[in-house]
Amino acid sequence: MTNALTTAQTLAAPLGRALLSLIFISAGAQKITGYEGTQGYMEMMGVPGSLLPLVILTELGGGLALLLGWQARIVAFLLAGFTLLSGLLFHFLPGLGMEGMEAQTQMISFWKNVSITGGMLMVVSFGAGAFSLDRVRSGAAA
């Protein structure tokens with residue numbers, strides 16, 4: 001039983017990092033292909049569209065860094081802040097002015113962002129784990 005638990009713990013961090021990274025990588029890629037629409041949506045929500053390149057860099061670059069486990073604690077901290085802020089700006093605040101299913105959908109999206117933030121804070125706390133560039137750089141065995 002101990003070997004199975006050890007194996008599960010070894011695989012949990014890289015799998016968790018991969019799953020957390022996918023939402024950022026895909027969102028960043030979608031913003032590139034739908035640049036003008038995303039920029040217009042940001043401006044409609046009161047966020048300067050000129051920040052879109054920084055948003056794309058944060059999502060794509062941060063997502064890839066998290067996937068690879070490079071500077072994972074720093075990246076996870078930054079993505080946690082980004083995720084919480086974007087949840088507030090694009091889901092929580094707009095949801096306050098809505099009713100019914102619209103409001104419920106926005107609140108679910110907001111709490112999804114809060115949950116992702118929690119996952120990121122776990123990476124901040126425990127690091128990248130096995131199979132990561134951070135682990136290779138430190139010389140520790142996976």
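This report covers the fold, helix packing, salt bridges and selected residues of a predicted model.

## Basis of the model

The model is predicted: local features need pLDDT of at least 70, side-chain atom pairs count only at pLDDT 80 or more, and totals for chains, interfaces and linings use all residues. Residues are numbered from 1 along each chain as its sequence is written, and side-chain values use heavy atoms, with hydrogens and water left out.

## Overall fold

The protein has six helices and zero strands. Its pattern along the sequence is α-α-α-α-α-α. Helices (H or I, at least four residues) and strands (E, at least two) are DSSP runs, numbered from the N terminus. Along the principal axes, the C-alpha atoms fill a box of roughly 50 × 30 × 20 Å.

The protein has 142 residues, and 37% of them count as buried. Buried means under 20% relative accessible area, exposed means over 50%, and partly exposed is in between (1.4 Å probe, protein chains only). A contact is a pair with heavy atoms within 4.5 Å. Take the contacts between residues at least 6 apart in sequence: 70% of these join residues at least 24 apart.

Two packed helices are described by the angle between their axes and the distance between the axes. Axes are lines fitted to C-alpha atoms, for helices over the stretch in contact, and angles run from 0 to 180 degrees between N-to-C directions.

Helix α4 spans residues 72-96 and helix α5 spans residues 100-126. They pack at an angle of about 165°, with axes 8 Å apart. That makes α4 roughly antiparallel to α5. The angle classes are: under 35 degrees roughly parallel, over 145 roughly antiparallel, 65 to 115 roughly perpendicular, and the rest oblique. The α4 and α5 crossing is left-handed; that is, the near helix is turned anticlockwise from the far one by less than a right angle, while clockwise would be right-handed. By class, the contact of α4 with α5 has 19 nonpolar, ten polar and one charged residues. Here Ala, Val, Leu, Ile, Met, Phe, Trp, Tyr, Cys and Pro count as nonpolar, Asp, Glu, Lys and Arg as charged, and the others, Gly among them, as polar.

## Packing of α3 and α4

The angle between α3 and α4 is about 140°, and their axes are 10 Å apart. That makes α3 oblique to α4. This crossing of α3 and α4 is left-handed.

From α3 come Val 55, Thr 58, Glu 59, Gly 62, Gly 63, Ala 65 and Leu 66; they meet Val 75, Leu 79 and Phe 82 of α4. The residues of the α3 and α4 contact divide into six nonpolar, three polar and one charged.

## Salt bridges

The structure holds two salt bridges. A salt bridge is a side-chain nitrogen of Lys or Arg within 4 Å of a carboxyl oxygen of Asp or Glu. One pairs Lys 31 with Glu 59, with the closest N and O atoms 3.1 Å apart. Lys 31 lies in helix α1 (residues 2-33) and Glu 59 in helix α3, so the pair ties together parts that are 28 residues apart in sequence. Lys 31 is buried at 18% relative accessibility. Glu 59 is also buried, at 6%. Helix α3 covers residues 52-68. Beyond its neighbours within four places in sequence, Glu 59 is in contact with Phe 24, Ile 25, Ala 27, Gly 28, Lys 31 and Phe 82.

Asp 134 and Arg 137 also meet in a salt bridge, at 3.6 Å from N to O. The two are three residues apart in helix α6 (residues 133-138), so about one helical turn separates them. Asp 134 is buried at 18%, whereas Arg 137 is exposed at 54%.

## Backbone and chain features

Most residues other than glycine have a negative phi, and most peptide bonds are trans. Gln 71 has a positive phi, near 50°. Gln 71 sits in the loop between α3 and α4 and is partly exposed at 24%. Phe 131 is not a glycine and has a positive phi of about 55°. Phe 131 lies in the loop between α5 and α6 and is exposed at 52%.

Gln 9 belongs to helix α1 and is exposed, at 54%. Gln 9 and Gly 129 are 120 residues apart along the chain, with their C-alpha atoms separated by 9.1 Å.
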